[in-house]
Amino acid sequence: MTSTGNRERLVAAARKLFSTRGFADVSVDEIAAAAGLTKGAVYYQFSDKTDLFRAACESVLDDIMAHVTKETMGHVAHVNDEIVTGGDILFDAYESDDARRLLLMDGPSVLGHVEWTKMQEKLRIGLGEHALGHLADEGLIPKRMIPMLAHLLFGAFTQGALQIATSDDPASASKQARAAYKRLAQGLLAKV
């Protein structure tokens, strides 16, 4: 097995264990065993358990990015629809076990708020700014506002996703968060 293959096996094992039990309740030894490797292999690839957790989070984010891009492009009739449709698909992705646990529950405390926020820039820029660029092209928003609007929309989305993840009634929280986010996103579609 190549070094790259070992890294991928470790990330996959870590992602699965962290999503089911959380960062604090999983040891490096357990991750190595689940990947069929040694503890030394973990430390050959990663500086520590937090570094492995970071790689697992990046893996989840890469999957979310690919999923949302594919699904949004397959379901929008007009580019202006992608800000609304994409938000709904993004909620679906963040309601998965691994996204919920790694990105929402453990991510901020394990990585710290600054790194956790920076890690998610690929979604804010790659998805949010891209969709908002289409709205600017249609004359619905000024181009200069795209970066800040992307921050604000992603912040609203993240708060909605956190409400769902921590709710005693996730199905109800999901309906409420999606409806509120849709209202915000649709507001961008109205000419002022």
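What follows covers the overall build, the surface and charges, and the aromatic side chains.

This is a predicted model, where local features need pLDDT of at least 70, side-chain atom pairs count only at pLDDT 80 or more, and totals for chains, interfaces and linings use all residues. Residues are numbered from 1 along each chain as its sequence is written, and side-chain values use heavy atoms, with hydrogens and water left out.

**Overall build**

- The protein chain has 10 helices and 0 strands; these are DSSP runs, with helices being H or I of at least four residues and strands being E of at least two, numbered from the N terminus.
- Its C-alpha trace spans about 60 × 35 × 30 Å along the principal axes.
- Take the contacts (heavy atoms within 4.5 Å) between residues at least 6 apart in sequence: 69% of them join residues at least 24 apart.

**Surface and charges**

- Of the 192 residues, 47% are buried, where buried means under 20% relative accessible area with a 1.4 Å probe, protein chains only.
- The protein chain exposes about 9,900 Å², with carbon and sulfur atoms supplying 55% of that; the areas come from the Shrake-Rupley method with a 1.4 Å probe.
- There are 21 positive and 25 negative side chains, and the centres of the two sets lie 1 Å apart. Lys and Arg count as positive, Asp and Glu as negative, while His and the chain ends are not counted. Each charge is placed at NZ of Lys, CZ of Arg, CG of Asp or CD of Glu.

**Aromatic side chains**

- The structure holds 8 aromatic pairs. Rings of Phe, Tyr and Trp (its six-membered ring) pair if their centres lie within 6.5 Å; planes under 30 degrees apart count as stacked, over 60 as edge-to-face and the rest as tilted.
- Phe18 and Phe53 are edge-to-face, because their planes meet at 70 degrees, with ring centres 5.3 Å apart. Phe18 sits in helix α1 (residues 3-21) and Phe53 in helix α4 (residues 49-75), so this pair ties together parts 35 residues apart in sequence. Phe18 is buried at 0% relative accessible area, and Phe53 is buried at 0% too.
- Phe91 and Phe157 make a tilted pair, 4.5 Å centre to centre with 50 degrees between the planes. This pair links helix α5 (residues 82-94) to helix α9 (residues 146-166), with the two residues 66 apart. Phe91 is buried at 1%, and Phe157 is buried at 1% as well.
- Phe91 and Phe157 also belong to one aromatic cluster with Tyr94, Phe154 and Tyr181.
- The charged end of Lys49 sits over the ring of Phe23, 4.2 Å from its centre; that label takes NZ of Lys or CZ of Arg within 6 Å of the ring centre and within 35 degrees of the ring normal.

Key:
Buried < 20%, exposed > 50% of the residue type's maximum accessible area, 1.4 Å probe, protein only.
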